[in-house]
Amino acid sequence: MFNKKLQMPLYLFATLLFGLKTYIIYRFVFNISLDNMMQELILFINPFIGALFFFMLSLFFNQRRQIKFIKYGILIGSIILYFNIVFYRNFSDFITIPLLFQGSNAADLGSSVLGLIKYWDIVLFADVVIVWTVAKKYGTQITGTFTKRYKRLVLTTSVVLLVVNYGLAEMERPQLLQRTFDREYLVKNIGVFNYLIYDAVLQSKSQAQRVFADGNELKEISDYIKDETTTDGSKEMFGIAKDKNIIFLEIESLQSFVINNTLHGEEVTPFLNDLIDDSYYFENFYHQTAQGKTSDSEFLIENSLYPSPRGAVYFTHAQNDYHSLPEIIGNNGYTSSVFHANDNSFWNRDVMYENIEYDQLYDIDSYEVTDQNSVGWGLKDKEFFKQSLKYIEKMEQPFYSKFITLTNHYPFELDPEDATLEKYDSNSKTLNNYFQTVRYTDEAIEEFFQYMKDIGLYEDSVFIIMGDHYGISDFHKKAMSQYLDKEYNDYLHVQLQKVPFYLHIPGQEGEVISKISGQIDVKPTILNLLGIDDSNDLSFGTDLFGDERKDFIALRDGSFITEEYIYSNDSCYDRQTGEVIENTIETDGEEQSACQPYVEKVQKELNYSDKIIFGDLLRFYDFADE
């Protein structure tokens with residue numbers, strides 16, 4: 001291949017190798033859905049087109065720098081791809097620019113990251129080894145000075161191919177670059193690296209929004225909120241928790257599919273199953289988090305705003321002005337605290353908590369953590385609740401306290417002596433372990449309830465239990481299909497975003513509530529229970545007990561749920577049967593999908609929330625004067 005009569009330039013050799021590897025990763029490592037031959041074609045060509053444009057730039061350097069550019073270019077590109085692979089294995093998502101600035105979290109990931117690395121991953125760097133070897137052996141033969149005409153020809157060709165790639169992508173998916181919430185579509189059509197460049201542009205744009213914001217957009221947004229989301233809360237439930245303590249258990253990675261379900265003939269969550277009988281249990285309650293995961297769920301319940309589609313608001317906009325739940329209840333006589341046996345800087349909590357006016361954070365320094373009482377991400381849940389007692393029983397009442405658990409966290413590790421349920425048997429180690437840690441956390445919650453009774457706080461408290469986000473991503477489709485005995489499709493994926501939500505008021509009878517609901521609704525619900533008028537608040541949620549509620553629940557990726565429909569990836573499903581709805585409705589003389597009117601509503605609401613956050617618009621809003 002490298003004789004003097006027939007030489008392949010090093011930049012082209014690197015393009016072919018790196019493009020082929022990238023395509024293989026897209027096709028067989030990432031779980032990217034392909035619906036037609038056009039999508040297959042675009043997915044195949046964009047790795048080579050992107051690689052050609054990048055490595056072609058080496059032609060504009062001298063020979064020594066050409067070699068260095070290509071060698072380190074393919075190495076850095078491979079590292080970026082690999083970071084995306086590891087991230088995708090856990091989150092079924094792609095890295096964004098804001099996430100790269102959240103590297104302070106990486107030190108705390110520990111075994112979570114190790115569990116995502118496979119021994120065969122070394123093969124993914126084979127092209128790097130080959131290019132470095134070839135460059136060392138043949139570098140002077142396959143690099144050199146190229147004529148200006150040749151450089152212009154290669155540059156023009158690569159730019160034309162980029163334009164063709166984007167043109168085909170726009171034909172397949174019109175307004176592609178407006179679908180920033182759907183990273184899979186972007187990667188599928190323009191590739192990981194072009195997507196990262198585009199994401200960098202979006203990040204710069206979002207940073208500029210705050211600089212140039214002047215509050216004029218608030219009028220339109222506040223009018224929308226008052227017309228569409230501000231409804232009267234339940235009069236029956238108004239003030240029912242007034243002067244009672246609010247104890248909020250935010251349970252790591254707890255999904256609803258384990259509730260009232262069994263494994264090996266045993267209940268997975270026996271205590272939580274029984275608790276339904278004397279609690280308000282919302283069986284169609286959805287998490288609405290994005291890349292910020294647990295911090296996003298906190299942001300939702302604290303502010304009733306949607307999290308950012310890229311990165312975590314706790315990092316990117318922690319210094320914004322908010323009208324948070326801790327601030328509001330603090331102005332109404334409550335002290336507020338968070339219990340979480342992790343470092344206070346993880347997810348930038350030390351900065352965010354102070355800004356939204358939590359009074360106290362009990363972090364890892366508040367607990368005695370040893371090798372014996374910790375596993376996975378840290379302090380075991382049973383020990384966590386037990387050690388928290390000495391703080392909570394001394395608190396001035398009434399108080400609002402949020403407990404964030406750790407044990408039921410990927411990779412769902414558990415010491416054998418703590419396991420009271422046999423592992424599942426599937427191709428997914430993650431799902432196999434999951435049931436054991438869920439059972440353990442269920443037992444820990446039961447113990448915590450008994451502790452509250454023992455120290456005399458149970459009767460004077462209201463308990464809220466909520467799963468923070470999914471634990472099993474769609475990377476484990478085969479195993480989930482096996483356990484649920486159902487075909488895993490977009491409809492089922494949305495349904496698996498349900499997380500448990502309990503409101504337990506000692507002395508009150510329970511009720512299973514089937515109305516659709518989500519984490520965006522938690523803040524107005526708590527305020528109504530406490531008898532606090534929130535009619536002047538700017539939030540997108542509605543009281544869970546209210547008669548007039550918003551008619552959709554939006555997920556951050558643009559999917560949504562209504563009483564009749566589920567919408568995901570441009571498909572409209574019957575919510576009860578899961579069948580695709582083919583029929584259309586007539587609106588303003590035009591035929592459109594039954595889900596289309598909601599598509600526009602959801603996008604408007606998500607965009608309004610983003611404008612509030614990116615522009616820090618609440619700094620222009622005087623809540624006291626409204």
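A disulfide is taken here as a pair of cysteine sulfur atoms within 2.5 Å. Searching the whole structure, a predicted model, turns up 1 disulfide. The bond runs between cysteine 572 and cysteine 595, with an S to S distance of 1.9 Å. The torsion about that S-S bond is about 70°, so the disulfide is right-handed. It ties together distant parts of the chain, 23 residues apart: cysteine 572 sits in strand E18 (residues 571-574), while cysteine 595 lies in the loop between strand E20 (590-593) and helix H21 (596-614). Helices (H or I, at least four residues) and strands (E, at least two) are DSSP runs, numbered from the N terminus. Both cysteine 572 and cysteine 595 are buried, meaning under 20% relative accessible area with a 1.4 Å probe and protein chains only.

On to a helix pair. The axes of helix H8 (residues 183-190) and helix H9 (residues 192-212) come within 7 Å and cross at roughly 125°, which makes H8 oblique to H9. Axes are lines fitted to C-alpha atoms over the stretch in contact, with angles from 0 to 180 degrees between N-to-C directions; oblique covers what is left after under 35 degrees (roughly parallel), over 145 (roughly antiparallel) and 65 to 115 (roughly perpendicular). Arg183, Leu186, Val187 and Ile190 of H8 meet Val192, Asn194, Tyr195 and Tyr198 of H9, contact being heavy atoms within 4.5 Å.

As for confidence, mean pLDDT (the predictor's per-residue confidence, from 0 to 100) is 89 for the chain, and 93% of residues reach 70 or more. Residues 1-6 fall below 50, and this stretch has 10 contacts beyond near neighbours in sequence.

Local features need pLDDT of at least 70 and side-chain atom pairs 80 or more, whereas totals for chains, interfaces and linings use all residues. Residues are numbered from 1 along each chain as its sequence is written, and side-chain values use heavy atoms, leaving out hydrogens and water.

Definitions and conventions. Buried means under 20% relative accessible area, exposed over 50%, partly exposed in between (1.4 Å probe, protein chains only).
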